[in-house]
Amino acid sequence: MAQQHLTVVTLGVSDLDRARRFYRDGLGWEVVADIQDTVFVQVGHSLLLSLWGVAELAEDLGGAPLEQEGPGRFTLGCNVGSEAEVDAVVERFVAAGGSLVRPAEHAFWGGYQAYVADPEGFRWDVVHNPGMAFTEDGRAVLRDLS
């Protein structure tokens, strides 16, 4: 059986140029491919963020209608190494044209987190979780902080 892991998260965006500018120019993330109507951004070890027009995504899904706006029912997580890094990432999101959803604060489970949104409304959970680490091969190691 093939090893299974998440390799791509696709966001259906209403304005591809704005999304490209936000992630590439605003956040400084590396665009590894910009093919036709799709932008692929390297966001982690073996992990890409795909930016694709919402109409094209709906067509690819067989024509099922998609919400034209809004973040859907999920968040994207960005784990960083310190509380100061959480604050810095939040500042960068806002400076790049994103918005603050919830200011950074200490979480009940022992970490420090904030919520921000990109210009399309996709929410990012920016977190310092001292109980989470990743090995060289990209595997998560978690310990209970409570």
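**Close-up views of a predicted model**

View 1. Asp37 is partly exposed, with a relative accessible area of 42%, where buried means under 20% relative accessible area, exposed over 50% and partly exposed in between (1.4 Å probe, protein chains only). The structure is a predicted model, in which local features need pLDDT of at least 70 and side-chain atom pairs count only at pLDDT 80 or more, while totals for chains, interfaces and linings use all residues. Residues are numbered from 1 along each chain as its sequence is written, and side-chain values use heavy atoms, with hydrogens and water left out. Asp37 belongs to the loop between strand 2 (30-35) and strand 3 (38-44); helices (H or I, at least four residues) and strands (E, at least two) are DSSP runs, numbered from the N terminus. Together with Glu56, Glu59 and Asp60, Asp37 forms a patch of negative charge on the surface, a patch being made of residues with over 30% relative accessible area and no salt bridge, with like charges joined within 9 Å and nonpolar side chains (Val, Leu, Ile, Met, Phe, Trp, Tyr) within 5 Å.

**View 2. Salt bridges of Arg20.** Within helix 1, Arg20 and Asp17 are 3 residues apart, about one turn of the helix, and their side chains meet in a salt bridge at 2.6 Å, N to O (a side-chain nitrogen of Lys or Arg within 4 Å of a carboxyl oxygen of Asp or Glu). Arg20 counts as buried at 12% relative accessibility, whereas Asp17 counts as partly exposed at 43%. Arg20 also forms a salt bridge with Asp34, at 2.7 Å, N to O. Because Arg20 lies in helix 1 and Asp34 in strand 2, this pair ties together parts that are 14 residues apart in sequence.

View 3. A salt bridge joins the side chains of Arg24 and Asp25 (2.7 Å, N to O); Arg24 is partly exposed at 33% relative accessible area, and Asp25 is partly exposed at 47%. Elsewhere, salt bridges that share partners join Asp17, Arg20 and Asp34 into one network. The whole structure holds 5 salt bridges.

**View 4. Asn129 in its loop.** Asn129, in the loop between strand 8 (123-128) and strand 9 (132-134), is buried, with a relative accessible area of 17%. A polar atom of the Asn129 side chain lies 2.8 Å from the backbone nitrogen of Gly131.

Definitions and conventions. Accessible areas come from the Shrake-Rupley method with a 1.4 Å probe; for residues, only the protein chains shown count as cover. Lys and Arg count as positive and Asp and Glu as negative; His and the chain ends are not counted. The place of a charge is taken as NZ of Lys, CZ of Arg, CG of Asp or CD of Glu. A polar contact is a pair of N or O atoms within 3.5 Å; within protein, one must be able to donate a hydrogen and the other to accept it, and residues adjacent in sequence count only if both atoms are side-chain atoms.
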